[in-house]
Amino acid sequence: MTHAMLKGSNVPLEATTVRAVLRWTPGQGVPDVDASALLLGPDGRVRSDEDFVFYNQPRHPSGKVWRLGKKRVAEGLTDTIQTDLTGVESGVGQILLVASADGVAFDRVRSLRILLYDGTVADGEPLAYFDVKPETGEETALICGELYRRGEGWKFRALGEGYSNGLEGLATDFGISVEDPPAEEPFPEPTDTPSVDTPSTDASAATTVQHPPALPTQPAYGYPQPVGAPPGQDFGFPPQGPQFIGR
């Protein structure tokens with residue numbers, strides 16, 4: 001039986017592995033949507049930056065929460081987070097399931113829905129779904145729902161809580177340390193009276209050509225596409241905290 005959920009409602013989960021699918025309808029002017037997850041400790045905050053699973057860090061170090069990536073289906077586009085609930089560390093009490101739209105307000109995202117499936121069943125019916133609707137229309141990131149412990153089991157709660165400062169603002173609010181990219185060094189200003197070297201009159205003097213130093217290359221964190229990534233694969237983590245690059 002599929003549960004059609006309202007905001008604030010919850011449902012117990014009997015599945016040991018849950019596949020949370022964000023689905024929306026593409027179209028002219030509709031932004032791309034990214035799924036991510038934050039693993040929270042007893043204080044309602046992440047324990048470290050590694051508890052943030054998103055497009056630049058698509059797998060939690062425990063191997064129990066990972067991003068499957070985007071897919072086109074008959075109903076639209078999807079992005080998916082999968083969680084092995086039985087293996088989640090005891091210090092994690094909540095897993096937030098988040099949608100972000102790269103700085104574009106969610107009032108332009110059509111038919112946004114989160115669906116929960118039993119991750120051990122390939123083509124089963126959804127366990128539950130929730131139609132996520134922004135409250136103001138200015139949100140650029142939304143907490144669609146949360147997986148949370150209740151006794152010895154897990155439950156899902158439909159939330160639909162929004163942030164107008166995007167994924168970066170949401171992540172910071174839950175304890176993620178977001179490093180700003182280093183500022184570029186300004187070019188030196190030319191002097192009013194540049195000096196001119198007097199050419200040597202000695203014909204035997206060697207001419208030295210000075211080459212400017214090579215510009216350093218910026219590290220490129222390409223968009224990961226770990227579609228169907230097997231558990232345990234290590235995708236690495238950018239130094240100096242999560243980097244929000246080109247999204």
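Which ring does the charged end of Arg-157 sit over? In this predicted model, the ring is that of Tyr-148, with the charged end 4.2 Å from its centre (a charge counts as over a ring if NZ of Lys or CZ of Arg is within 6 Å of the ring centre and within 35 degrees of the ring normal). Since the model is predicted, local features need pLDDT of at least 70 and side-chain atom pairs count only at pLDDT 80 or more, while totals for chains, interfaces and linings use all residues. Residues are numbered from 1 along each chain as its sequence is written, and side-chain values use heavy atoms, with hydrogens and water left out.

On to the aromatics. Two aromatic pairs turn up in the structure (rings of Phe, Tyr and Trp, the last by its six-membered ring, pair if their centres lie within 6.5 Å; planes under 30 degrees apart are stacked, over 60 edge-to-face, the rest tilted). Phe-52 and Phe-54 make a stacked pair, at 4.3 Å centre to centre and 5° between the planes. Together with Tyr-55, Phe-52 and Phe-54 form one aromatic cluster. Both Phe-52 and Phe-54 are buried (under 20% relative accessible area, 1.4 Å probe, protein chains only).

Six strands build an open sheet in the order 1-10-9-3-7-6, with mixed pairing (strands are DSSP runs of E, at least two residues, numbered from the N terminus; two of them pair if DSSP finds at least two bridges between them). Strand 1 (3-5) and strand 6 (65-73) each have a single partner strand, so one side of each lacks a neighbour in the sheet. Strand 1 runs parallel to strand 10 (residues 128-131), joined by three bridges, and Met-5 stands opposite Phe-130 in strand 10.

Notes. Helix = DSSP H or I, 4+ residues; strand = E, 2+ residues; numbered from the N terminus. Buried < 20%, exposed > 50% of the residue type's maximum accessible area, 1.4 Å probe, protein only.
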